[in-house]
Structures are given as structure tokens and as C-alpha cells.
Amino acid sequence: MLVAVGLAVLGFCLGLMTRHTAGAIGGLLALVVVSFVRIGPLNSLAWAQRMTPWTPDGNLAAIVARGYRYYMPVEKVTPEGVNVEFTQHSLSLAHGATYWAILLLVLVASSLLIFRRREVL
């Protein structure tokens, strides 16, 4: 329930900032597309996995599942060649909740400042 409220606040703030419902839908759709590209084709790249603690989707998964485990590829050079091993990292529920609380706080404050400046004579 808390996740649905947070996403509703996110959509409302985006709509308020862009002044159009289509702008809010477009912003959320762009977020979904970027996260799918990062999770799908870029999954085996270490730099893309290093971003997981700072992405909305990873932190949202940490909130929903009460913790989130992700794997980072590490290349090791052996006499047989290069082997790719995966090391496990995790995001805690507290990290995800803190990330989303800060994100929503910044969005709400920004949208209130934009709305106040735009609508006050």
C-alpha cells in the first residue's frame, strides 16, 4: 500500500511540474524504459550493475521484497583465459525506504516551489 501511495505522489508531482497529464505519463514511461534497458541488455556490464543502489527500480524492489539481492559481474584472469564470476550484493529495506523518502521529499518540494511561483500573482 505504501508503494502505491509513493508512486501516486511521484506521478502527481510530475504532472504538477509539467502541467500536463501526458508529461507525467511520459516521464514515468521513460523511467520504465530506462530501467528495462538497464536490467535487460546491460545486465552483464559491471558499470550498469554498480548503479543499482542509486536507481529507483532497485530501491523499489528492496521495499517490496524487504531487501533486494543483485549480482555484479567480476572478470578474473586465469591461465585458461578470462572468467566472469558474479558477486552478490544487497540493498536493505532501510536503504530503499530512505532513498524513496529523499526522492519524494525533493520532488514534492520542487513541485510546490514551481507551483507557487507559477500560480501566485
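Q: Which residue in E2 does Pro73 stand opposite?
A: The model is a predicted one. In it, strand E1 covers residues 68-78 and strand E2 residues 81-91, and the two pair in the antiparallel sense over 11 bridges. The residue in E2 that stands opposite Pro73 is Phe86.

Q: How many residues lie between E1 and E2 in the hairpin?
A: E1 and E2 are paired in the antiparallel sense. They form a hairpin, and the number of residues between them is 2.

Q: What is the distance between the end C-alpha atoms of helix H2?
A: Helix H2 runs over residues 21-39, 19 residues in number. At 1.5 Å a residue, counted for one less than the number of residues, the helix should span 27 Å. The distance between its end C-alpha atoms agrees with this, at 27 Å.

Q: Within what arc do the buried residues of H2 fall, seen down its axis?
A: The buried residues of H2 are Ala24, Ser35 and Arg38. They line one face of the helix, because seen down the axis of H2 they fall within an arc of 65°.

Q: Which exposed residues does the face of H2 turned away from its buried side carry?
A: The buried residues of H2 pack against H1, helix H3 (46-50) and helix H4 (56-64). The face turned away from that buried side carries the exposed residues Thr21, Ala22, Ile25, Leu29 and Phe36.

Q: Which element gives the largest share of the largest nonpolar core?
A: This core has 9 residues: Leu10, Cys13, Leu14, Ala24, Ile63, Tyr99, Trp100, Leu104 and Leu107. Helix H1 (2-18) and helix H5 (93-119) are the elements that give two or more residues to it. The largest share, 4 residues, comes from H5.

Q: With which residues is Ala24 in contact, leaving aside its neighbours within four places in sequence?
A: Ala24 is one of the buried residues of H2 and belongs to the largest nonpolar core. Beyond those sequence neighbours, its contacts are Gly11, Leu14, Gly15 and Thr18.

Q: Is Tyr70 buried or exposed?
A: The structure holds 2 aromatic pairs. In one of them Tyr68 and Tyr70 are stacked, 6.3 Å centre to centre with 20° between the planes. Tyr68 is partly exposed, with a relative accessible area of 29%. Tyr70 has a relative accessible area of 7%, which means that this residue is buried.

Q: What is the angle between the planes of Tyr99 and Trp100?
A: Tyr99 counts as buried at 18% relative accessibility, and Trp100 counts as buried at 7%. Their rings form an edge-to-face pair, 6.2 Å centre to centre, and the angle between the planes is 80°.

Methods:
Residues are numbered from 1 along each chain as its sequence is written. This is a predicted model: local features need pLDDT of at least 70, side-chain atom pairs count only at pLDDT 80 or more; totals for chains, interfaces and linings use all residues. Side-chain values use heavy atoms; hydrogens and water are left out. Rings of Phe, Tyr and Trp (its six-membered ring) pair if their centres lie within 6.5 Å; planes under 30 degrees apart count as stacked, over 60 as edge-to-face and the rest as tilted. Buried means under 20% relative accessible area, exposed over 50%, partly exposed in between (1.4 Å probe, protein chains only). Two strands pair if DSSP finds at least two bridges between them. A nonpolar core is a set of buried Ala, Val, Leu, Ile, Met, Phe, Trp, Tyr and Cys residues joined through side-chain atoms within 4.5 Å. Contact means heavy atoms within 4.5 Å. The arc is that of the directions from the helix axis to the C-beta atoms.
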